[in-house]
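Biologist: I have a model open on my screen and would like to learn how to read it. Could you take me through some of its features?

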Amino acid sequence: MTTAPPLPNVDTELALPAGAEPVARSNWQLFRRRFFRHKLALISIVVLLFLIVVCFGAKWIAPYPKNQTNLLITPGGPSAKHWFGTNGVGQDMLTQVLYGGQISLKIGLAVAFFSTIVGVFVGALAGFYRGWLDQGLSRLVDLFLIVPELAIVGIAIQRLGATDTSFIIVLAALGWMYIARVVRGQVLSIREKEFVEAARASGASTPRIIVRHILPNCIGPIMVNATLAIAAAVIFEATLTYLGLGLQPPATSWGILLNQAESAVTSTSQFYLVFFPGLFLVVTVLCVNFLGDGLRDAFDPQSEH
Amino acid sequence: MLTYIVRRIVYSVPVLIVASFLVFWGVRTTYDPTAKYRNNRDAARVIAEKKHELGLDKSIVAQWWTWLTDALHGNFGTSYRTNDSVSSMLRHALWPSIQLMFFGTIFALIIAIGVGVYSAVKQYSAGDYFFTGTSYFFIAMPAFLFGLLAIALLVTLPVEKFHLSEPILYSVGLHSNGQSGFNLDYIRHLVLPVATLVVQSVAVWSRFQRASMLDVLNADYVRTARAKGVSERTVIFRHAFRNALIPLVTVVALDTAFLIGGLVITEQIFAISGMGRLFLDSLQGGDAPVLLGWFLVVAIFVVVFNLCADLAYSILDPRIRVS
Amino acid sequence: MTFTRRTPVRLLIAGLAAATVLAACGSSSKSSNSGSGSTTSFSGTVPQGGAITIGAEQEPDCFDWLGTCAGSSWGYWMAEVNTIPLAIQASGVGPDLKNTPGPVLAGEPTVTTDPVETITYKINPDAVWSDKVPITCADFQYTADQQQNSKDIYDRTGYTGIASVTCPDPKTVVVKYKQGETFATWQLLFSGTVGIMPSHILKGKDRDTLMKDGYTWSGGPWLAKWNKGDSIVLTPNANYWGNKPHLDQVTFKFLADTSAEFQAFKSGQVSMIYPQPQLDVVDAISAGLPDANSVYNAKTASAEALWINNQKPPFNDKVFRQAVAYAIDRDAIVNRLFGKLGVTQAVNSLNPYVVKDYSDPNAWSNYKLDLNKVNSLMTGAGWTKGSDGIWAKGGQKATFTINSTTSNKRRELTETVMQQMLKTAGFDMKIANQKASQLFGETAPNGDYQMALYANNLTSIQPGECNLFCSQNIPTAANGNSGNNWYRVSIPELDPLLKSVDTNLDDSVRKSDAAKADDIMAENQVSLPLDPLPDIVIWSKKLVGPIGDNSIEGPFWNIDQWGVNS
């Protein structure tokens, strides 16, 4: 399984294309114009917003109560009463997919958010201060990269219980390293630039320098990684459920729905059980990735259309 | 260069040690290896015996230290589950996984680089869109779903539809009964597990290669080369390509650790008894010695791979100063 | 003996009983819990030669069958049954199994009880180990000695009371019990998961070391080779004294993923599977599998139930337990889970089918969905429904948690359905599933649960529930927390009845006492039986022979009689 792939960087300085001017915050209009040219990203934003609204509003939108079973009806494919069909115990799949989306999207968004925050924090500190702090933090990153993900997840879930909160904590704790490295590289390269010298000379405090001058120039890779982290978290949750390390009933998520339909993958009559949760999952991840693409193009002043 | 490598190795050692303690502590405090003896007539006696035998009555640090010193002498202890020597279990499990990772990485690289460069050079063409679309599709699909679908479509369906006596591609293990070695049978077994293992990596790497190739193709020095009249082909392969590989190298090195995680799913679905299966069985059985030995082996792999990645940098771009 | 089964289950340890004659199971009376997909009787010739591959869902941890690491049903079914001689076998193909003397004996053992319980075995004069050394009384002596005195023994039941094992001649074994000690289930001796071990190979050495990774000798029709992580391969034992196998080789391939296993079967990579009765398997069978035979047997040695901790509130109140039982429509659940196999009703006894003669199969039959009954019981006990529709009494709500095993979709769906049914009736049930090792290793024995959903699996056709339900077997400090009464059942009038089943020499009294015990347990609603957990065997039409289900010894027990058409 892969998580958010980092942008190119280790200890080197490939962050900005050679000779490019850093994008200052006042070029917001420039950014917006570039972003809106990326039609796929625009569509993705709309679709994502739609999914978020529909899933988090499941309480009002879903036709049936959550997890409600009905042993009297025969399971069947999409019909007028059940747009997405019903499963073996008579649950309405549309309802389940919507409620499942709540958890999957929540996990994805929360993991991306927290791992970004931690990663930016650690990376900025390491890159700016260098020296011992950098070495220490870099070793911390190495530590997290060495320890196998699954071991941590398996053990942590065992001890914290398999709730969505514990998943968010664990997945965020495993996902911040990339952003940290990326931000560190960016900060390393930017801190030498003249405008930072100027800010320092004018007496700005370190946090101020970092926040107001350096980080805005890293926004590109940060945003891209954050969006990719969403996708990775959603998929990782499904994978963990397959291995038996995931959420437990009565919780429902796209991962759980896909797993319950594992054998439906091969049957024509039951394929709808896999199709709908799978469709939502794939569309979400696609949109998130296109969004990331759009952001990357928008932040890169040299991209051509 | 040498000092850099040495320094990296030296830095890795304390990290490995700390990580080993964390994993040890986590596993030991989470799983009780005597739990399965509780359901037993003589439970109290057996459990007390086992506790002493496994050294569970000492402190965590003491237990960990014993383990570490033994490991440094090559003795990884015995499994709680099977009473087998951990090192022999690891050795048996390592070989199938190495095969999967080796072939997987090679093919993934070839495909990813090919697709990425093509997409970058022919940006926004129909081919580019096609590859982009399929890449994203595969990124979005969890590996286990891909694996099961692949089996259903490529193994079972042909057998049922065409009434074959045996499937074209196999989904169980790496060899048919009685077969061994590198032959057609082996390849037929290898295709689907390798594909499942790397499908997401291929998609991600090709995106990366495309992105970094684009970055480089638009760089000043490339523009200069073009302006000087250098042929496009030379521009691509002499100047751009090598530099565009650099970010990919990072990603591949980092992803190796995750490919190891991907082994768990692949080996589960395709019934291959490698490191992934061993890990899952040990995790679910609370088999701490095997988990620790496993972790050590994997960690060393990751460190070595990252070192190789750094070496690859310096080969690819002599300008890079590694501080 | 305790096993973990393929769907991890807890096992009934056979209690003490003083049977003098082996109990044969009754005739095939049609009940709604039986069903079969295709014929299991076989007549005709079996082709010679060929090799087959069978899918196995679990790999044993070790091959030391007497030791604590060997608690795996699959290990028993694949390897032990085919390589270790068993004095008494549970034989049969299909739902009705009988205890018969194994090929290692010359005839039925004889038992006398005066002055002490004495069992005499006559060993088959032709019986030899795979190295041609005869199987003798010395092997029985060695086995009994190991069971009594060796350190790491899984279950010593029945051997601790043995006073002596003597050999009047090499092929005759006389087992004498201590004065005052009786072991009614003596058919378990040198059978079940213990068997007979070769003294000339193991005596004086470390049995565990020599056996745990597999062994090259055998006292059965096959030799077994264990390729760890991959497969177990059986090849014929050239020196077997009985009927030699027809097949040249049998490979049991470990396939942990049920979907992939199904694919492997459909694509011909394995010719037989013995899958857990999950919903998708049931669907697949009813949808029809061309080129395949299937058998499903609901008259098994397992019973899945909603086990209750009778000491933990709110279940320490009999009325509460009964009310909950009336709130669940068990028949509807079972019908949904297994209806396509013809299993449409819940079971009504905690005793599995194989011991039905020592039970009241209808003990729980009055516990059907009856919301009026729920209301009257609860209000009668002082509960009132709150504004949220949940019963409350004295500030306490009618809420409890159910535990079951993770990664078991059928159980998860069962819990989901139950949750809704109970909500309608005014109970709030929460779900908290755990890994099997945790559930059976800690949670249930320690009593850290209120209700648990899992199945019990018998390993022999012998009754005996005192082990599970007698009050002295509640795990406490007194018995070193090793009792098996995880349900904390303590009913004064129940104890003597259960003990009688274990010790009474009069079989008809045992049967009637067992039925009475069932009725008392049902009246107290100590736990709620649910479904019979059917066995499902699916095999390619290329395989020929008397193939079917044997719920105790596994479907491979007679694999030496099978053949394959190429």
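Predicted model: local features only at pLDDT ≥ 70, side-chain atom pairs only at ≥ 80, totals over all residues.

Biologist: How many helices and strands does chain B have?

Modeller: Helices (H or I, at least four residues) and strands (E, at least two) are DSSP runs, numbered from the N terminus. Chain B has eleven helices and zero strands. Its C-alpha atoms fill a box of roughly 85 × 60 × 35 Å along the principal axes.

Biologist: What percentage of the residues of chain B count as buried?

Modeller: A residue is buried if 20 or more other C-beta atoms lie within 10 Å of its own, exposed if 12 or fewer, and partly exposed in between, with C-beta atoms placed from the backbone. In chain B, 50% of the 323 residues count as buried. For another case, take A:Thr206 in helix α9 (residues 206–242) of chain A. Is A:Thr206 buried or exposed? A:Thr206 counts as exposed, because it has 11 C-beta neighbours inside 10 Å.

Biologist: And which residues of helix α5 of chain C are buried?

Modeller: Nine of the nine residues of α5(C) (residues 258–266) are buried, so this helix is largely enclosed by the rest of the structure. Among them are C:Glu261, C:Phe262 and C:Lys266. Just after α5(C), C:Gly268 takes a positive phi of about 85°.

Biologist: Which residues have the most contacts inside the largest nonpolar core?

Modeller: In soluble globular proteins, nonpolar side chains tend to be buried together. A nonpolar core is a set of buried Ala, Val, Leu, Ile, Met, Phe, Trp, Tyr and Cys residues joined through C-beta atoms within 7 Å. The largest one here has 354 residues, and A:Ala233, A:Val285 and C:Ala327 have the most contacts inside it. Two residues are in contact if their C-beta atoms, placed from the backbone, lie within 7 Å. Leaving out residues up to four places away in sequence, C:Ala327 touches C:Val374, C:Met421, C:Leu422, C:Ala425 and C:Phe427.

Biologist: Where do chains B and C meet?

Modeller: In this model, 39 residues of chain B are in contact with 39 residues of chain C. On the chain B side, α6(B) gives the largest share, seven residues. To sort them by class, Ala, Val, Leu, Ile, Met, Phe, Trp, Tyr, Cys and Pro count as nonpolar, Asp, Glu, Lys and Arg as charged, and the others, Gly among them, as polar. The chain B side divides into 16 nonpolar, 14 polar and nine charged residues.

Biologist: How do I read a sheet, say the one with the order β5-β6-β8-β7 in chain C?

Modeller: Two strands pair if DSSP finds at least two bridges between them. This open sheet of four strands has antiparallel pairing. β5 (110–112) and β7 (162–169) of chain C stand at the edges with a single partner strand each, so one side of each is left without a neighbour in the sheet. β7(C) pairs with β8 (residues 172–177) of chain C over five bridges, and C:Thr166 has C:Val174 in β8(C) as its bridge partner.

Biologist: Which phi value does C:Gln525 have?

Modeller: Its phi is near 50°, a positive value in a residue other than glycine. C:Gln525 lies in the loop between α14 (507–524) and β21 (527–531) of chain C, and is buried, with 21 other C-beta atoms within 10 Å. C:Leu533 also has a positive phi, near 45°. C:Leu533 is buried too, with 28 other C-beta atoms within 10 Å.

Key. Residues numbered from 1 in each chain as written. Chains lettered and ligands numbered in written order.
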